[in-house]
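Please keep the sequence and the structure in view while reading.

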Amino acid sequence: MTQPTLIGRERIYLAAALAAAERGWHVFPLRPRDKRPALHGEIACPGTGDCAGGHRKWEQRATTDPDRIRKAWSAGAFNVGLATGPSGLVVVDLDPVKAKDPKGTPDGVTSLQALCERAEHPVPATYRTRTASGGHHLYFTAPNGVRLGNSAGRLGKHIDTRAYGGYVLAPGSTLPHGAYEVADPIDPAPLPEWLYALLAPRQPSRGLMAAPVPVRASRYAAAALRAETAAVAGAGEGVRNWTLVRAARALGRFIPSGDLARHEVEQALNSAGLRAGLRENECRAAVTSALNWSIANNPGRPA
């Protein structure tokens, strides 16, 4: 089979870049047959053009402008980098098993299927590409007004995500060991709410708790609620249920004394459990049982 000439390859990559831009996805050139940006770094920045007002990194220089794209890809057979954040995308990256992985390690596809089963949701149907290594990229549109970052392993083994601060290789790009191809051409689906809950920032905040700490709560009780909720939200697979039960038992002792309201503890812990990857029915059952035990073993203050 005849290989495309250099000019032929340039046209192929240019077409891929323009196709992505037509979807509203911001692109920038990557080195030929490589994943690294083909743009100057800060040290070598000439301070002209896009960088006249200061150095602009790849995410800032990614564009949907056809004229800029044609000019950039006329200089070489560049791969196509797709800046996920500016494009309004969250891409779930499902990697294959690596040679160094222990026997029995699941690949990203298997991990996602297991995650969906635990959450009692089907694997989302959305725009999907096949990567050069045999993995998959699932494209989702990001929720309005939300600025998610990247994640590595938060959703499961061999599952990463790319949003602001990240990029993926668009279909049509190639690496020495393979190409990126469209596997399912349907439009990207909105990021499911249950997946967003798992990817949202984990730091303790009012957003993490379904209701604010009551005014009557002591400083110690309020601090305990924040700490225990954060611990549950950040618990990894294998210790999530145990962490949730332990947290509920620790916080339950503040309910009979009036320092915390039961419904607020339940809401905060259930929300944190969902973000850790537990199913809603698992969270509610574990929290209810653990709080009942704690309340029974921690009587309130004497009158």
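## Strand pairing

In this predicted model, strands β3 (residues 89-94) and β7 (residues 159-162) run antiparallel and are joined by 4 bridges. Within this pairing, Thr-161 of β7 stands opposite Val-92.

Strand β7 also pairs with strand β6 (residues 151-152), again in the antiparallel sense, over 2 bridges. Here Asp-160 in β7 is the bridge partner of Ala-152. The hairpin of β6 and β7 has 6 residues between the strands, and in this hairpin Gly-153 takes a positive phi near 80 degrees.

## Aromatic pairs

How many aromatic pairs does a search of the whole structure find? The search finds 6. In one of them, the ring centres of Trp-25 and Tyr-139 are 5.3 Å apart and the planes meet at 35 degrees, so the pair is classed as tilted. Trp-25 belongs to the loop between α1 (6-22) and β1 (26-30), whereas Tyr-139 belongs to strand β5 (residues 136-141); the pair therefore ties together parts that are 114 residues apart in sequence. Both Trp-25 and Tyr-139 are buried.

A further pair consists of Phe-28 and Tyr-167, whose ring centres are 5.2 Å apart; because their planes lie at 85 degrees, this pair is edge-to-face. Phe-28 is in strand β1 and Tyr-167 is in strand β8 (residues 167-169), so that distant parts of the chain, 139 residues apart, are linked. Phe-28 has a relative accessibility of 1% and counts as buried, while Tyr-167, at 21%, counts as partly exposed.

## Charges over rings

The charged end of Arg-147 sits over the ring of Tyr-164, at 3.9 Å from the ring centre. Likewise, the ring of Trp-293 has the charged end of Arg-249 over it, 4.2 Å from its centre.

## Salt bridges

The count of salt bridges comes to 9. One of them joins Arg-23 to Asp-187, with the closest N and O atoms 3.7 Å apart. This pair links distant parts of the chain, 164 residues apart: Arg-23 is in the loop between α1 and β1, and Asp-187 is in the loop between β11 (181-184) and β12 (189-190). Arg-23 is partly exposed, with a relative accessible area of 36%, and Asp-187 counts as exposed at 58%.

Another salt bridge is formed by Arg-70 and Asp-67, whose closest N and O atoms are 3.6 Å apart. Both residues lie in helix α3 (residues 66-73), where they are 3 residues apart, about one turn of the helix. Arg-70 has a relative accessible area of 41% and is partly exposed; Asp-67, at 57%, counts as exposed.

Glu-120 and Arg-279 meet in a salt bridge as well, at 3.7 Å from N to O. Glu-120 lies in the loop between α4 (108-119) and β4 (128-130), and Arg-279 in the loop between α8 (262-276) and α9 (280-297), so the pair ties together parts that are 159 residues apart in sequence. Salt bridges that share partners join Glu-120, Arg-279 and Glu-282 into one network.

## Confidence in the model

The average pLDDT of the protein is 86, and 89% of the residues score at least 70. Over residues 203-215, however, the pLDDT is below 50; this stretch has 25 contacts in the model beyond near neighbours in sequence.

Terms used
Residues numbered from 1 in each chain as written. Predicted model: local features only at pLDDT ≥ 70, side-chain atom pairs only at ≥ 80, totals over all residues. Heavy atoms only, no water. Phe/Tyr/Trp six-rings, centres within 6.5 Å; stacked < 30°, edge-to-face > 60°. Buried < 20%, exposed > 50% of the residue type's maximum accessible area, 1.4 Å probe, protein only. Lys NZ or Arg CZ within 6 Å of the ring centre and 35° of its normal. Pairing = 2+ DSSP bridges. pLDDT = per-residue confidence, 0-100. Contact = heavy atoms within 4.5 Å. Salt bridge = Lys/Arg side-chain N within 4 Å of Asp/Glu carboxyl O.
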